[in-house]
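Could you walk me through this model, from its sheet and helices to its salt bridges and nonpolar cores? Please give the cut-offs along the way.

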Amino acid sequence: LADLSRHNWLASETRELPTHDPLTGVFSERYIALLLDDEGRRARRYGTPFALALIAIDRFQELCAAGGAQAGENVLVELARLLGTSLREFDMVGRFDDDQFLLILPNVRVNDALTGLERLREMVETTHAGDPLGPLTISGGVSEFTGDDSAALIDSVRSLLAAARESGCNRLCVNLDFF
C-alpha cells in the first residue's frame with residue numbers, strides 16, 4: 001500500500017502556499033520546487049526524460065542600480081512574459097531568487113531543450129538590443145534528469161549557470177555528459 005502521509009502533508013502545505021509570484025505571475029520558488037519533486041517522481045516511475053534549466057538576467061544588479069527598482073521589476077515581468085509565450089504550454093516556469101527563473105521541461109532531452117532555450121536567449125537579446133539602459137541578455141545552466149534528487153539537480157544547473165556567467169554571460173552552459 002502507498003504511504004499517503006507525504007501526500008496529505010503536501011496537500012495541506014500547498015493550500016497555504018502561494019502558487020504564483022505576485023510580480024511576474026509565474027510559479028513561486030517554493031511551488032516550483034514542489035513541481036520539480038513531482039516531475040522527478042514521474043520520471044523515475046515511468047522512465048520519461050525531462051530537462052531542467054536555470055535562467056538568469058545578466059548584470060541585473062547593475063541594471064537596477066542604473067534604472068532603479070522599477071526598471072528591474074519591468075525586466076523581470078518582461079522576461080516572465082517571454083518565457084510564458086516561447087515555451088510549450090506544459091513546461092513549468094518559476095521565479096527562483098531575485099533574477100532567476102527555474103524551467104522544468106517535461107518529456108524532452110537536454111539537446112532538444114537546448115535548441116529551444118537558445119532561441120529564447122537570442123530572442124531576448126534581439127528584442128532588447130536598443131534598450132536605453134543597455135542590451136538585455138540572459139545566461140543559463142541546462143541539465144537533464146539523471147535520477148538524482150531535486151537538490152542535486154538544482155545544484156547542477158546552478159553550477160552550470162555560474163560557468164555561463166564566468167564565461168562572459170549571454171550564453172547557455174549544458175552538462176556535456178548527455179552528448
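Is Asp38 buried, exposed or partly exposed? Asp38 counts as partly exposed, because its relative accessibility is 30%; here buried means under 20% relative accessible area, exposed over 50%, and partly exposed in between, with a 1.4 Å probe and protein chains only. Before going further, please keep in mind that this is a predicted model, in which local features need pLDDT of at least 70 and side-chain atom pairs count only at pLDDT 80 or more, while totals for chains, interfaces and linings use all residues. Residues are numbered from 1 along each chain as its sequence is written, and side-chain values use heavy atoms, with hydrogens and water left out.

Let us stay with Asp38 for a moment. Its side chain meets that of Arg41 in a salt bridge, at 2.2 Å from N to O; a salt bridge is a side-chain nitrogen of Lys or Arg within 4 Å of a carboxyl oxygen of Asp or Glu. Both residues belong to helix α2 (residues 29-46), where they lie 3 residues apart, about one turn of the helix. Helices (H or I, at least four residues) and strands (E, at least two) are DSSP runs, numbered from the N terminus. Arg41 is partly exposed as well, at 34% relative accessibility.

Now to the sheet. It is an open sheet of 5 strands in the order β2-β3-β1-β4-β5, with mixed pairing; two strands pair if DSSP finds at least two bridges between them. The edges are β2 (92-95) and β5 (172-174), each with a single partner strand, so one side of each is left without a neighbour in the sheet. From one strand to the next, the twist averages 20 degrees. Strand β1 (residues 50-57) and β3 pair in the antiparallel sense over 7 bridges, and Ala51 has Leu105 in β3 as its bridge partner. Helix α5 (residues 110-127) lies across β1, β3, β4 (138-144) and β5, and runs at about 170 degrees to β4. Such axes are lines fitted to C-alpha atoms, for helices over the stretch in contact, and the angles run from 0 to 180 degrees between N-to-C directions.

Strand β3 (residues 100-106) includes Gln100, which is buried at a relative accessible area of 10%. Leaving aside neighbours within four places in sequence, Gln100 is in contact (heavy atoms within 4.5 Å) with Leu54, Ile55, Ala56, Gly94, Arg95, Leu161 and Arg165. Arg165 lies in helix α6 (residues 150-166) and Asp99 in the loop between β2 and β3, so the pair ties together parts that are 66 residues apart in sequence. Arg165 is partly exposed at 28%, whereas Asp99 is buried at 10%.

Arg121 counts as buried at 8% relative accessibility, and Glu118 as partly exposed at 25%. Salt bridges that share partners join Glu118, Arg121, Glu122 and Glu125 into one network. The structure holds 11 salt bridges.

Helix α3 (residues 60-67) has Phe60, Leu63 and Cys64 as its buried residues. Seen down the axis, they fall within an arc of 95 degrees, so they line one face of the helix; the arc is that of the directions from the helix axis to the C-beta atoms. Their cover includes β1 and α4 (69-86). The face turned away from them carries the exposed residues Gln61, Glu62, Ala65 and Ala66. Just after α3, Gly68 takes a positive phi of about 90 degrees.

Finally, the cores. A nonpolar core is a set of buried Ala, Val, Leu, Ile, Met, Phe, Trp, Tyr and Cys residues joined through side-chain atoms within 4.5 Å. The largest has 30 residues, and Leu83, Phe101, Leu103, Leu105 and Leu117 have the most contacts inside it. Two or more residues each come from β1, α3, α4, β3, α5, β4 and β5, with the largest share, 6 residues, from α4. Apart from this core lies another, of 19 residues, among them Ile32, Leu35, Phe96 and Leu153.
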